[in-house]
Amino acid sequence: MKISALNVALMSVFAALYYVLSTITPYVPIVAGIKINLEALIASVFGLILGPYLGALASLLGVAVAWTLPPGNMSPYGLPFLLSPPLNALVTGLVFYRKWKAGFLVFGLLIVAFLFTPPVQPLPENLYVGIAVLWDKVIAMLLILPCVKLTKQLASLGTVPLCFMLTFIGNQVDNMWGSLAFATPVVYEGIFGMPLDAVRVAFVLSPFLYPAIRIAQAVVATIIAVPLIMALKGTPWLWQETNILTFE
């Protein structure tokens, strides 16, 4: 992919936007230093506007700056989750710009990898932990299929339904990486100081909170993304004109 000066400028502007949002956006505290940074929802918009690769790079740069500078201050609690927004932008952009098989593969690999982490092992004894964490992620991954196979039907209802589904998928990818990272011993034990049994309890409680937060994030991201996509259509600001909203 050829990167132009405009691409670099847009990536820098969006990364700066991410940092600014991190300083003014509230977060949702979970447990033992874990929190959900609500500004991460903007990464879905990055993927839709900048495309999967520039969107992921802009998100990575933005989240790295937000983690390094105040209020982040290089907290060890946030370090394992720095890839969550870039993966959100990557998968959202891949699906939107007709590379959905790659996006589906990335999401699927994250889900499968979680099944091999200590909180879920050994199976089937701890399968309930995997079900508690993954049920909404699997639904989100499967939503990729109607996004690309029923695009015309969904688009007939307007841009909003498609954008909502895409941003929901992206935010669930964000959550999936966060769950996978937290499920590794170096994170839950080394950084957070939590025993394995406590991690399992935290994961079992997660279905009652995370899906509602991801839906709310998708609603806000959709409100931002829809007018942006419509305004930038036909301009060099949009990564490329061909996407799932254009039909041959």
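Close-up 1. Val 65 sits in helix H3, which covers residues 52-68. In this predicted model, Val 65 comes out as partly exposed, with a relative accessible area of 28%. Look for Tyr 19 here too: Val 65 and Tyr 19 are 46 residues apart in sequence, but their C-alpha atoms are 6.5 Å apart in space.

Close-up 2. Averaged over the chain, pLDDT is 88, and 92% of the residues score at least 70. Confidence is lowest in strand E1 (residues 27-29), with a mean of 56, and highest in helix H5 (residues 100-114), at 97.

**Close-up 3. The largest nonpolar core.** This core has 72 residues, and the ones touching the most other members are Val 95, Phe 107, Phe 114, Phe 182 and Phe 203. Helix H9 (residues 159-182) gives the most to it, with 12 residues. Zoom in on Phe 203 and, leaving aside neighbours within four places in sequence, you'll find contacts that include Phe 114, Phe 182, Pro 119 and Val 129. Ser 179 is also one of the residues in contact with Phe 203.

**Close-up 4. A nonpolar patch on the surface.** Leu 123, Leu 127, Ile 131, Trp 135 and Ile 139 make up this patch, and together they have about 450 Å² of accessible area. Leu 123 belongs to the loop between H5 and helix H6 (127-142).

Close-up 5. Asn 175 is part of helix H9, and with a relative accessible area of 3% it is buried. Not counting residues up to four places away in sequence, Asn 175 touches Asp 136, Lys 137, Tyr 210 and Arg 214. Asp 136 and Lys 137 form a salt bridge, with their closest N and O atoms 3.2 Å apart. Both ends are buried: Asp 136 has a relative accessible area of 3%, and Lys 137 has 2%.

**Close-up 6. Arg 214 with Asp 174.** Here the closest N and O atoms of the salt bridge are 3.9 Å apart. The pair links distant parts of the chain, with Arg 214 in helix H12 (residues 210-232) and Asp 174 in helix H9, 40 residues apart. Arg 214 and Asp 174 are buried.

Close-up 7. Arg 200 pairs with Asp 197, the closest N and O atoms being 3.4 Å apart. Both lie in helix H11 (residues 196-205), about one turn of the helix from each other. Arg 200 is buried, at 12% relative accessible area, whereas Asp 197 is exposed, at 56%.

Terms used
Residues numbered from 1 in each chain as written. Predicted model: local features only at pLDDT ≥ 70, side-chain atom pairs only at ≥ 80, totals over all residues. Heavy atoms only, no water. Core = buried A, V, L, I, M, F, W, Y, C linked by side-chain atoms within 4.5 Å. Buried < 20%, exposed > 50% of the residue type's maximum accessible area, 1.4 Å probe, protein only. Helix = DSSP H or I, 4+ residues; strand = E, 2+ residues; numbered from the N terminus. Contact = heavy atoms within 4.5 Å. pLDDT = per-residue confidence, 0-100. Patch = residues over 30% accessible without salt bridge, like charges linked within 9 Å, V, L, I, M, F, W, Y side chains within 5 Å. Areas by Shrake-Rupley, 256 points an atom, 1.4 Å probe, with all protein chains shown as cover. Salt bridge = Lys/Arg side-chain N within 4 Å of Asp/Glu carboxyl O.
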